[in-house]
Each structure stands twice: as C-alpha cells, then as structure tokens.
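Hi everyone, thanks for making time this morning. I'd like to walk you through one model, so let me put it up on the screen.

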Amino acid sequence: MSATRKTYMGSQKGITLIELMVVLVILGILATLIVPKVMDKPGKARQLKARLQIESIETALKFYKLENGTYPTTEQGLQALVTPPTDGTAAKNFPEGGYLEKGIVPKDPWGKEFIYICPGVNSAFDLYSYGADGVQGGEDENRDITNWETDE
C-alpha cells in the first residue's frame, strides 16, 4: 500500500514559485502594453454613440417633416418627436408612440440634452452635443458632435 501511495504522490505535478512569477511578469507586461490603448476607447465610444444618436434623431425629424410639412420649432424642441406639440404648428399626422424609439428623447452619452435649433444656422435644423465638457468647441472627447459636420 505504501508503494502505491508513493507512486501516486510522485505523479502529481504542481506549479513552482518561479513558474508563477514568470506568468505574473508576462501578465504585467501585457497589461502595460494593452491598458493604455483600451483606456482611450471609452471617449471614442461616447463620441460614436453621440454621432449615432444624432443620426437617429435626424431621421426622426425628417419623418416628422415628411408627415407634418415642417420640422418642429426650436420652442417645441425634440420633445415634439415623442408627444404631439400643442403650441405653434401642430402635428397633423402624429403616429401613436411618436417618432423616437421607447417614446423618450435620449440624452447625449454624457447625460446632457442635445441642442436643437430650427431653422438652423448650418442646415435646415442644427442638432448637436457639446461633448464631454458641455462647452462649445474643444478637442478629443470635448469636441462638439453636430449634424452638419462629418468625422474626419
């Protein structure tokens, strides 16, 4: 019985401390190389989301105009896409559920309201987000996302 036990114990292999240290060093090197590249992505992802939201709202505004003859006024705002406006030019053909998915006007990825002006200065209507800082202008994540400019 002791011979069997000895054979059994001798066939087991474990990780040595040196092997464990080598794996940890390799993981550390990989983390050093990868983390900076991944950490830059949330800002770009928010900008892309804002661009997609603007395009979605822009499509809803075009459907609104197609069915009602005009875009909502600045005073009516984007809320006119989810509830029929009662002031100014009323929506004649307002669909049940409105023009936006889920019946709500989305906020930009930074939690702020999109800015809507109609008639616009740069196009039939101007729709934009001021980016992460909420202030006009800026670069990188603080750059404005608009419906009249395309990404470079």
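Before the sheet, one term: two strands count as paired if DSSP finds at least two bridges between them. With that cut-off, β2 and β3 qualify, as they pair in the antiparallel sense over two bridges. And please keep in mind that what you see is a predicted model.

So how do the strands line up? Three strands form an open sheet, in the order β1-β2-β3, with antiparallel pairing. β1 and β3 are the edge strands, each pairing on one side only.

Now to helix α3, residues 41–68. This helix has 28 residues and reaches 40 Å from its first C-alpha to its last, close to the 40 Å expected at 1.5 Å a residue. Just after α3, Gly69 takes a positive phi of about 90°.

Which strands do the buried residues of α3 pack against? They pack against β1 (115–117), β2 (126–129) and β3 (145–146). The buried residues of the helix include Ala50, Ile54, Ile57, Leu61 and Tyr64, but also Gln47, Arg51 and Glu58.

In soluble globular proteins, nonpolar side chains tend to be buried together. Here the largest nonpolar core has 23 residues, and Ile57, Leu61, Leu78, Leu81, Tyr116 and Leu127 touch the most other members. The largest share of this core, six residues, comes from α3. Take Ile57 as a case: leaving aside its neighbours within four places in sequence, Ile57 is in contact with Leu78, Leu81, Leu100, Pro106, Phe114 and Leu127.

Last topic, the charged pairs. How many salt bridges does a search of the whole structure find? The search finds two. In one of them, Arg46 pairs with Glu141, and the closest N and O atoms are 3.4 Å apart. Arg46 lies in helix α3 and Glu141 in the loop between β2 and β3, so this pair ties together parts that are 95 residues apart in sequence. Arg46 counts as partly exposed because its relative accessibility is 34%, and Glu141 is partly exposed too, with a relative accessible area of 27%.

There is also a salt bridge between the side chains of Glu113 and Lys107, at 3.1 Å, N to O. Lys107 has a relative accessible area of 43%, so that residue is partly exposed.

That's my tour; happy to go back to any view you'd like.

Methods
Residues numbered from 1 in each chain as written. Predicted model: local features only at pLDDT ≥ 70, side-chain atom pairs only at ≥ 80, totals over all residues. Heavy atoms only, no water. Helix = DSSP H or I, 4+ residues; strand = E, 2+ residues; numbered from the N terminus. Expected span 1.5 Å × (residues − 1). Buried < 20%, exposed > 50% of the residue type's maximum accessible area, 1.4 Å probe, protein only. Contact = heavy atoms within 4.5 Å. Core = buried A, V, L, I, M, F, W, Y, C linked by side-chain atoms within 4.5 Å. Salt bridge = Lys/Arg side-chain N within 4 Å of Asp/Glu carboxyl O.
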